[in-house]
Structure formats: structure tokens, C-alpha cells
Amino acid sequence: MLNEVPTLNNSDLRAVLKKFGITGDQLDKDAKPLVRLRMCQALLGAAEAQALQAEGDALAEGIAPDKVQAAHTVAFVGAGATDGAAPLMFLQSRAMSLFAAINQLEPDPRAIVSDPVLAAAAEAAAGLAGLLHFRYEAATGGNEAEAERRLVERRLVEAGRLLQQAADQISDVFEMAERLRRPGSPN
């Protein structure tokens with residue numbers, strides 16, 4: 001579990017989101033726990049946008065890329081994920097969020113076919129989340145019962161399958177790009 005971090009109630013979250021120009025109107029349609037989750041996700045998105053801007057500004061000002069990269073570790077402090085297996089849980093959550101975000105983009109209803117790059121990225125994110133979960137279970141010792149061990153092993157196999165699918169899809173994209181580069185190929 002993550003270390004103790006302050007818990008913001010819905011009123012606190014609304015006040016912070018208002019600073020980012022986000023109103024709770026579109027978030028307040030369901031049960032309080034789901035509303036709180038949506039507001040936290042909106043806050044996360046607003047904070048990530050700020051972080052992206054700050055990263056670009058730092059690079060534009062000539063800050064060394066390795067120093068900019070090292071600044072990413074501060075997210076672990078903010079999340080209370082600084083020791084034990086907590087950083088693994090935090091990373092797994094980020095991978096699951098990435099998977100969910102990619103699936104919001106794909107399939108694009110305007111597209112005739114699905115995007116093979118986004119499909120591969122979604123598979124890779126799901127596989128990464130599975131690998132991180134497996135590593136978290138190993139780090140925490142998990143439940144040593146035989147049934148729990150088999151479940152963890154199945155999760156590892158599933159993560160491997162997803163990553164292999166992603167690798168296969170990436171290979172397909174490279175093959176398609178190569179065919180398009182050949183002379184006489186339709187562009």
C-alpha cells in the first residue's frame with residue numbers, strides 16, 4: 001500500500017480543480033466514490049499537463065535532459081510511494097492508466113480500420129501492468145498458498161502473452177512501413 005498521503009474530500013478536489021479551470025459539473029453524475037475518482041483523475045490530468053509544460057520549459061532553458069529525467073522521481077514522493085513495494089504499486093497504476101487512456105483513443109470512430117500502433121501500445125501497457133503486478137506480488141511476499149502462487153503465475157503468463165502480442169503488432173507495423181517505402185508502392 002502507498003504510504004500515508006493527505007486525502008482530499010470532494011469539496012477540496014472541486015476547489016483545486018477550479019484553479020485549473022475544471023468544473024465538477026461533468027464529474028458529479030454518479031455515486032460519491034466514483035465522483036471522487038473522476039475528480040482525482042481530472043486533477044491528475046491537469047497536474048500532468050502542468051508537468052509537461054514545466055518539462056518543456058526546463059529543456060528550453062537548457063537544463064540537462066538527465067536532470068529533467070531525474071525530476072520524474074519526485075512523483076513517487078508526491079504519491080507517498082517511496083519505500084518497500086509502494087513504488088511498484090504506483091508504477092502499476094500508471095501502466096493501467098496508460099492502458100485505459102490508449103483505449104479511449106482506439107478505436108477511432110472516424111477510422112476505417114483500427115490503428116495498429118495504438119493497438120500495440122495498448123497491449124504493451126497491459127503487459128507492463130501485469131509484469132509490475134507480478135513484481136509487486138513477489139516483493140510483498142503475497143499469499144504463499146498454492147492457489148495464490150498459481151494465480152500469480154497465470155498473471156505473469158498473461159503479461160508475457162500481452163507483451164508478445166504487442167511485439168508481434170509492432171513487427172507488423174514495421175513490415176507495413178517497409179512495404180510502403182518500396183518503389184512502386186501506392187502511397
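Q: Where is Ala 42 found?
A: Ala 42 lies in helix 2, residues 32-60. Helices here are DSSP runs of H or I with at least four residues, strands are runs of E with at least two, and both are numbered from the N terminus.

Q: Is Ala 42 buried or exposed?
A: Ala 42 is buried, with a relative accessible area of 17%. Buried means under 20% relative accessible area, exposed means over 50%, and partly exposed is in between, using a 1.4 Å probe and protein chains only.

Q: And how is Ala 42 placed relative to Ile 22, in Å between C-alpha atoms?
A: Their C-alpha atoms are separated by 7.9 Å, while the two residues are 20 residues apart along the chain.

Q: Before I go on, what should I know about the model?
A: It is a predicted model, where local features need pLDDT of at least 70 and side-chain atom pairs count only at pLDDT 80 or more, while totals for chains, interfaces and linings use all residues. Residues are numbered from 1 along each chain as its sequence is written, and side-chain values use heavy atoms, with hydrogens and water left out.

Q: Okay, zooming out: how many helices and strands are there?
A: The protein has 7 helices and 0 strands. From the N terminus on, the elements run α-α-α-α-α-α-α.

Q: How much of the protein is buried?
A: Buried residues make up 21% of the 187 residues.

Q: New topic: how do helix 5 and helix 6 cross?
A: The axes of helix 5 (residues 86-105) and helix 6 come within 8 Å and cross at roughly 160°. That makes helix 5 roughly antiparallel to helix 6, a term for angles over 145 degrees. Axes are lines fitted to C-alpha atoms, for helices over the stretch in contact, and angles run from 0 to 180 degrees between N-to-C directions.

Q: Tell me about His 133. Which residues does it touch?
A: Leaving aside residues up to four places away in sequence, His 133 touches Gln 92 and Arg 155. Contact means heavy atoms within 4.5 Å. His 133 sits in helix 6, residues 116-140, and is buried, with a relative accessible area of 15%.

Conventions
Angles under 35 degrees count as roughly parallel, over 145 as roughly antiparallel, 65 to 115 as roughly perpendicular and the rest as oblique.
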